[in-house]
Amino acid sequence: MQRIGVFVCHCGTNIAATVDVKAVAEALSHEPGVVISQDYQYMCSESGQNLVKDAIKEHNLTGVVVCSCSPRMHENTFRKAAASVGLNPYLVEIANIREQCSWIHKEIATATDKAIILGKAAVAKVHLNAPLTAGESPVVKRALVIGGGIAGIQTALDIAEAGFDVDIVEKKPTIGGKMAQIDKTFPTLDCAACILTPKMVEASQNEHITIHSFSEVADVKGFVGNFTVTIKKKARYVDEVKCTGCGACVEKCPMKKVPNEFNEGLDNRHAIYIPFAQAVPKVATIDPNYCMMLKNGKCGVCSKVCAAGAIDYKQQDKFIEQKYGAIIVATGFNPINLDKYDEFAYSQCPDVVTSLELERLMNAAGPNGGTLLRPSDKTHPHTIVFVQCVGSRCDDEKGKPYCSKICCMYTAKHAMLIREKYPDTEVYVFYIDVRTPGKNFDEFYRRAVEQYNVHYIKGMVGKVTPKSDGKIDVQASDLLANEQLHINADMVVLAAAIEPDKTARPLATMLTTQMDTNDFFTEAHPKLRPVESATAGIFLSGACQGPKDIPETVAQASAAAAKAIGLLVKNSITCNPCVAHSDELLCNGCSSCEKVCPYGAITYQDKEFRMPDRTTAIRRVASVNPAVCQGCGACTVACPSGAMDLNGFSNSQIMAEVDAICK
Amino acid sequence: MQETMIKRAKELLADGTVSRVIGWKKGEFGYDSTPAVFETAEELDRDFVFDDFTASNVSKYLVKESRKDGKILAFLKPCDTYSFNQLIKEHRVIRENVYIIGIPGGPKLDVEKIKAKGITGILNKKNENYTLKIETLYGTETMMFYEAICGKCQDCKSKKHVIYDELIGEDGDVLDSSRFDMVEKLENMTAQERFDFWREQLSKCIRCNACRNVCPACTCEKCVFDNPKSGIENKAPSDSFEENMFHIIRAFHVAGRCTDCGECSRVCPQNIPLHLLNRKFIKDINELYGEYQAGADLTSKSPLTDYDTNDCEPSIVHERGVE
């Protein structure tokens, strides 16, 4: 005979304001098997937990239902409480009457009805709960960092510092990411390369760090502590080991008209290239879209001049498989494409540039060697207009609803640098608001206005029109003076919104992690678990989680590393005992379950069975490796004969819940 | 054709390649042949038949037969080879124990369509210039051949044998069939019209289980409808919606695995167009995940038990469901 205790939490007013908790406790007290039904203000508090513990002891309970918040919050709390007084923790069920009830309903009557139904379903389920025992699984002491920008580099360095091996997978030929393209950094105006490149070198020289550049994650299997990742090392047609990075091949390559990604397409590179002088690894890469040898077999100059014999035109993509205990996502961001913004004439006029392009134009390693010149006629610009929030804080489909966060600060930086270097240049900044929270940020912005006399104008630019004399007409409104302006500009710089890298979404699918509607990775808790994803063992570093500047990115990268180290130092982790198992008498051996299992937990054996006619038959049947199974339940729904079932979420338990809800 | 098949079967029995033969056996009348296993040349001579009425798919019998001692010769029509392939993929038949001879497919005839013309006492029939000459107890009757073609052959998807050890006759091609036309018609109905259509059809069901028993995709050791633990086990309809659930559940169970062999509708004594349920799934799979033919080969993965990052998002179900 079941003896079930029901405990209804008020959660202060979170639940009690919308759900009549006393009525819920009263209604559930009449459910079959329920011997005690109570409500309490904070069930998760010490005294609330004691209430549950005392009831278990006093009434010798065989099952507990807590009607409270999401099981993600406090399931563990109540399981531990039950275990501490000798009740198997898996005999505790949570009915979520907060997130799925009180928070989303307004009417007390309907919310109370729903809470009662949710409670009834949990009671029906707990009737069928079986005691379960958790096993343990080992942790692979190696981490994978996906993305080799400043976030990925910092995370890898911190993990390596703790003594664990860590691999960086970077899709570009070099690590460094966006920071490598930036000229100076706010608010201190130190040069980005000066502070980034030592870290790149440190990463490449650290004995614990392996860099897979020009590589992508092709497949992820497994689970926390034990991921198996397939890394695709794309063919760069150069032997990474042999190449010394001397650059002789680059110099001699006759194909010189390839848009240079590192300089945002503002100048050209060769078909064989080293992205920039401090690239790590400093290894050449052949671009197969432009290499004449790879396209039509005519050339081969690089191979001839390479003293190391590193050129290999027959190189193929290579796949390597590696096991990891933790994965850190650091896929970063890109500025959005501005082709749709006709009003700013970005596609029509070469002198309308993005802020990242301006970084390159001002950089000593950029197309003009650091002298700011107009891309169209290489003349010095005397009037520059900055447009803020291009695609940020935008309601329509063209842009992004969020604030890109970094633009106010880097624009202040750009304006200041230009005024410092070229005092004869007038700089206008059109803004919606200037947002400068952060240490020394507002002071920095005020310096731009007060010390450098940058013209900050509240208002948006309506239209940018290139004129026949090479000038650009910028039509804008000054909201404070309430007047329309026309500025005769030489250059216009657009602060394009930033968005997550396009590779993030397919990666999220592979990692089974969540994303928000803007394709930023979702953290496990926005306040309390900001660097963990909701998927155990997957951590988030940098702008893949949301727009961030460099200081914030580095802070989060180190935080993600700390979380990963916390996992890697463990020798084993407690497994979830809610795993699948197959009823061999029902199993057809059809392999449906094996095909859908994301963890490779299912294998097949030929077993001898006694048939109804007393003969024996050998049948192929599935068996589940409980140490590998993560209890996702995919196999239970794929199984045509219902042979697969899941501990803690059995087909009969789920049907019992559905029946209780429909009753 | 029948003689060639018997001759070859006898040879293979005689040289020990196979110990049994699965084909079709004459029934009481000229049109009620049934699948049967033959072990001797005498049995073959006496009972083996292959004619316009041998429409049944013998692949499913090989689940049991291929597990017995010795090798069995199976005569498979093109559509039957798809079923057999699918069974290999699901590890339900043991390929090594089956010697497959691919034989030409239909069009096969449906005796019910002949009877529906009011022709009874059928003794024999002859096909002359697209006209059927039917000898009956009451004299000779004629009807157009195409009017008697059985449903599954009308929408034939392929004349190609996707697996065989040898062929008798020539291999054909995958056909450009119009098999989804009726599904499209149903899709274009309003939800209420569609519901009414299926209620009318499915309420004819007498739960004889013939569709399940003949289906080459239904080979579970224990069917969920026979398993008291499944919660849906029920021999007889207990309420008026029971049979609807039976067919809907069955269609879901074979989704992505059904080769569209058409046996379910062929054997239905109530003439319910059950194959349309399966075809709807096939059409949806084709549209959502790209063309996929279950059983066409041994290596492809069924889209429903496979995924790649380009798969449509689950929200498509909602989008398509909106009227």
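1. A residue counts as buried here if 20 or more other C-beta atoms lie within 10 Å of its own, and as exposed if 12 or fewer do. By that cut-off, helix α5 of chain A is mostly covered, with 14 of its 19 residues buried. The structure is a predicted model, and the points below should be read as describing that model.

2. Chain A, overall. The chain has 663 residues, and 46% of them count as buried. Its secondary structure comes to 18 helices and 36 strands. The C-alpha trace spans about 90 × 65 × 40 Å along the principal axes of chain A. Of the contacts in chain A with a separation of 6 or more, 70% are between residues 24 or more positions apart.

3. Helix α5 of chain A, residues 108-126. At 1.5 Å a residue, its 19 residues should span 27 Å, and the end C-alpha atoms are 26 Å apart, so the two values agree. This is also the helix of point 1, in which 14 of 19 residues are buried.

4. The largest nonpolar core. This core has 150 residues, and those touching the most other members are Ala143(A), Phe344(A), Phe386(A), Val492(A) and Leu494(A). Helix α12 of chain A, residues 407-421, gives the largest share, nine residues. In soluble globular proteins, nonpolar side chains tend to be buried together.

5. Phe386(A) and its surroundings. Phe386(A) is one of the core residues that touch the most other members. Which residues does Phe386(A) contact, leaving aside neighbours within four places in sequence? They are Thr411(A), His414(A), Ala415(A), Val427(A), Tyr428(A), Val429(A), Phe430(A), Val493(A) and Ala495(A). Another core, of 45 residues, lies apart from the largest one; its members include Val6(A), Ala95(A), Cys101(A) and Ala121(A).

6. Cis peptide bonds in chain A. The bond from Phe186(A) to Pro187(A) is cis, with omega near -5 degrees. Pro187(A) sits in the loop between β8 (184-185) and β9 (190-191) of chain A. The bond from Val280(A) to Pro281(A) is cis as well, also with omega near -5 degrees. Pro281(A) belongs to the loop between β15 (272-273) and β16 (285-286) of chain A.

7. Positive phi in chain A. Asn440(A), a residue other than glycine, has a positive phi, near 65 degrees. Its place is the loop between β22 (426-431) and α13 (441-451) of chain A. Is Asn440(A) buried or exposed? Asn440(A) is exposed, because 12 other C-beta atoms lie within 10 Å. Asn453(A) has a phi near 55 degrees, again a positive value in a residue other than glycine. Asn453(A) lies in the loop between α13 and β23 (455-458) of chain A. With 12 C-beta neighbours inside 10 Å, Asn453(A) therefore counts as exposed.

8. Chain B, overall. Chain B contains 13 helices and eight strands. A compact globule of 323 residues would have a radius of gyration near 20 Å, and chain B has 21 Å, so its value agrees with that expectation. The C-alpha trace of chain B spans about 60 × 50 × 40 Å along its principal axes. Buried residues make up 35% of the chain B total of 323. Among chain B contacts between residues at least 6 apart in sequence, 64% join residues at least 24 apart.

9. Domains of chain B. The chain is divided into domain 1 (1-107 + 158-175), domain 2 (111-148) and domain 3 (178-323). The C-alpha centres of domain 1 and domain 2 of chain B lie 27 Å apart. How many residues of domain 1 of chain B are in contact with domain 2 of chain B? Four residues of domain 1 are in contact with four residues of domain 2. On the domain 1 side, the residues divide into three nonpolar, one polar and no charged.

10. Met144(B). This residue is in strand β7 of chain B, residues 139-144. Met144(B) is exposed, because 11 other C-beta atoms lie within 10 Å. Met144(B) touches Tyr130(B) and Thr131(B), not counting residues up to four places away in sequence. Met144(B) and Asn127(B) are 17 residues apart in sequence, with their C-alpha atoms 9.2 Å apart in space.

11. Contact between the chains. In the model, 17 residues of chain B are in contact with 19 residues of chain A. The chain B side of this contact divides into two nonpolar, eight polar and seven charged residues.

Terms used: Residues are numbered from 1 along each chain as its sequence is written. Chains are lettered from A and ligands numbered from 1 in the order in which they are written. This is a predicted model: local features need pLDDT of at least 70, side-chain atom pairs count only at pLDDT 80 or more; totals for chains, interfaces and linings use all residues. Helices (H or I, at least four residues) and strands (E, at least two) are DSSP runs, numbered from the N terminus. The radius of gyration is taken over C-alpha atoms; the globule rule is 2.2 Å times the number of residues to the power 0.38. Two residues are in contact if their C-beta atoms, placed from the backbone, lie within 7 Å. A nonpolar core is a set of buried Ala, Val, Leu, Ile, Met, Phe, Trp, Tyr and Cys residues joined through C-beta atoms within 7 Å. Ala, Val, Leu, Ile, Met, Phe, Trp, Tyr, Cys and Pro count as nonpolar, Asp, Glu, Lys and Arg as charged, and the others, Gly among them, as polar. The expected span of a helix is 1.5 Å times one less than its number of residues. Domain bounds come from an automatic or database domain assignment.
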